[in-house]
Amino acid sequence: MSAEAADRLVLLGSKGGPALRPGGPWPSSSLLELGGRNIVVDCGLGVTRGLADAGISLKALDLIFITHLHSDHVLELGPLIHTAWTAGLATPVTVFGPPGTGRYWQRFCQAMEFDIEIRIVDEGRPDIRELVSIKEFGEGAILEEEGLTVTALRVDHPPVTECFALRFEHGGRSVVFSADTAFFPPLAGFANEADILVHEAMLEQGLERLVARTGNGARLREHLFASHSLAEDAGRIASDAGVRRLVLNHLIPADDPAIGEADWVTAVRKSWAGDLTIARYGLVVGLGSDNG
Ligand SMILES: [Zn+2]
Ligand SMILES: [Zn+2]
């Protein structure tokens with residue numbers, strides 16, 4: 001099988017926000033296998049387990065991208081790399097993240113100093129701090145390597161200002177991640193004719209119940225509407241961009257028993273008629289020409 005035939009996206013979680021509830025889904029990290037590279041996009045809680053379940057050897061960890069520093073996107077970055085290291089990682093890992101990512105990594109290594117030092121001496125492991133390079137990025141081109149290009153677009157996720165959509169391209173294939181964002185029309189140009197657009201989404205009727213259940217509901221409602229997109233908005237971006245497939249991810253709410261996949265489909269169909277995937281754990285979306 002050629003590397004390109006194996007190009008695929010694997011969803012390692014599907015919920016928006018960091019809280020976990022019994023029986024509910026986990027935060028939305030993704031694995032993108034493109035042009036023979038293993039690319040991890042965001043490192044929310046559960047990303048390590050998700051990669052193992054997707055059949056990825058942690059020793060093959062290669063490129064990691066963090067869209068922004070909210071905990072549902074970065075909490076397990078250090079633990080993922082550290083676990084890969086204990087699994088035998090001996091090749092360089094590059095982490096691309098917004099400003100502050102380097103400080104996170106440095107302090108993670110400080111927090112784990114006892115374990116890191118003892119494993120270097122006791123087990124003869126390479127120094128994890130020398131295996132990892134952190135590249136902090138802003139808007140624009142952030143990587144061009146072996147036919148893989150990655151570009152970033154600042155999106156609208158107040159009060160976070162350093163939050164970036166990412167576009168990955170290789171061999172004529174392209175995958176775009178919206179990151180967390182309110183409805184942001186420039187994303188349509190950024191995602192123009194992508195094979196896959198992974199866009200965050202909220203469901204309006206579920207939000208009303210979520211707000212009703214919460215103590216400071218009005219404040220929560222304000223934050224969600226200012227900083228995130230409704231499923232219909234995600235559909236509008238996908239239609240304007242002319243993408244081949246829309247994947248709704250980072251779902252809010254994600255653990256309301258009264259809301260199922262059909263509700264998401266109904267909402268997004270108001271503005272998107274093309275191929276559609278609603279995220280769930282472990283779901284694989286192929287990039288081959290035969291499966292859209
Ligand atoms: Zn988030
Ligand atoms: Zn966020």
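Select Asp180 together with the two zinc ions: Asp180 bridges the zinc ion (ligand 2) and the zinc ion (ligand 1), which lie 3.4 Å apart. This is a predicted model, in which local features need pLDDT of at least 70, side-chain atom pairs count only at pLDDT 80 or more, and totals for chains, interfaces and linings use all residues. Residues are numbered from 1 along each chain as its sequence is written, chains are lettered from A and ligands numbered from 1 in the order in which they are written, and side-chain values use heavy atoms, with hydrogens and water left out.

**The zinc ion (ligand 2)**

Show the side chains around this ion. Its protein donors are His68 (NE2), His70 (ND1), His157 (NE2) and Asp180 (OD), at 2.1 to 2.3 Å. Donors here are N, O and S atoms within 2.8 Å of the metal (3.2 Å for Na, K and Ca); water is not among the atoms, so sites may look incomplete. Along the chain the donors of this ion are spaced H-x1-H-x86-H-x22-D. Helices (H or I, at least four residues) and strands (E, at least two) are DSSP runs, numbered from the N terminus.

The angles among the four donor atoms run from 92 to 161 degrees, and the site is irregular. Four donors count as tetrahedral if all angles lie between 85 and 135 degrees; four count as square planar and six as octahedral if opposite donors are over 155 degrees apart and all others between 65 and 115; anything else is irregular.

**The zinc ion (ligand 1)**

Move to the other ion. Asp72 (OD), His73 (NE2), Asp180 (OD) and His250 (NE2) coordinate the zinc ion (ligand 1) at 2.1 to 2.2 Å. This site is also irregular, with angles of 89 to 170 degrees among its four donor atoms. The spacing of its donors is D-H-x106-D-x69-H. His73, in helix H2 (residues 71–74), and Asp180, in the loop between strand S10 (173–177) and helix H7 (186–190), are 107 residues apart.

Colour by accessibility. His73 counts as buried because its relative accessibility is 2%, and Asp180 is buried at 2% as well. Buried means under 20% relative accessible area, exposed over 50%, partly exposed in between (1.4 Å probe, protein chains only).

**His250**

Centre on His250, in strand S12 (residues 245–252). His250 is buried, with a relative accessible area of 4%. Its phi is near 55 degrees, a positive value in a residue other than glycine. The His250 side chain makes polar contacts with the side chain of Asp72 (3.1 Å) and with the side chain of Asp180 (3.1 Å). A polar contact is a pair of N or O atoms within 3.5 Å; within protein, one must be able to donate a hydrogen and the other to accept it, and residues adjacent in sequence count only if both atoms are side-chain atoms. Leaving aside neighbours within four places in sequence, the contacts of His250 include Ser14, Lys15, Glu200 and His228. Contact means heavy atoms within 4.5 Å.

**Cys43**

Next, select Cys43, in the loop between strand S3 (37–41) and helix H1 (47–53). Cys43 is buried, with a relative accessible area of 0%. Beyond four places in sequence, the residues in contact with Cys43 include Ser29, Ile64, His73 and Leu80.

**Two cis peptide bonds**

Show the backbone at Pro158 and Pro159, which are joined by a cis peptide bond with omega about 5 degrees. Pro159 lies in the loop between strand S8 (148–154) and strand S9 (164–170). Another cis peptide bond joins Ile252 and Pro253, with omega about -5 degrees. Pro253 is in the loop between S12 and helix H11 (261–268).

**Glu193**

Go to the loop between H7 and S11 for Glu193. Phi of Glu193 is near 55 degrees, a positive value in a residue other than glycine. Glu193 is exposed, with a relative accessible area of 59%.
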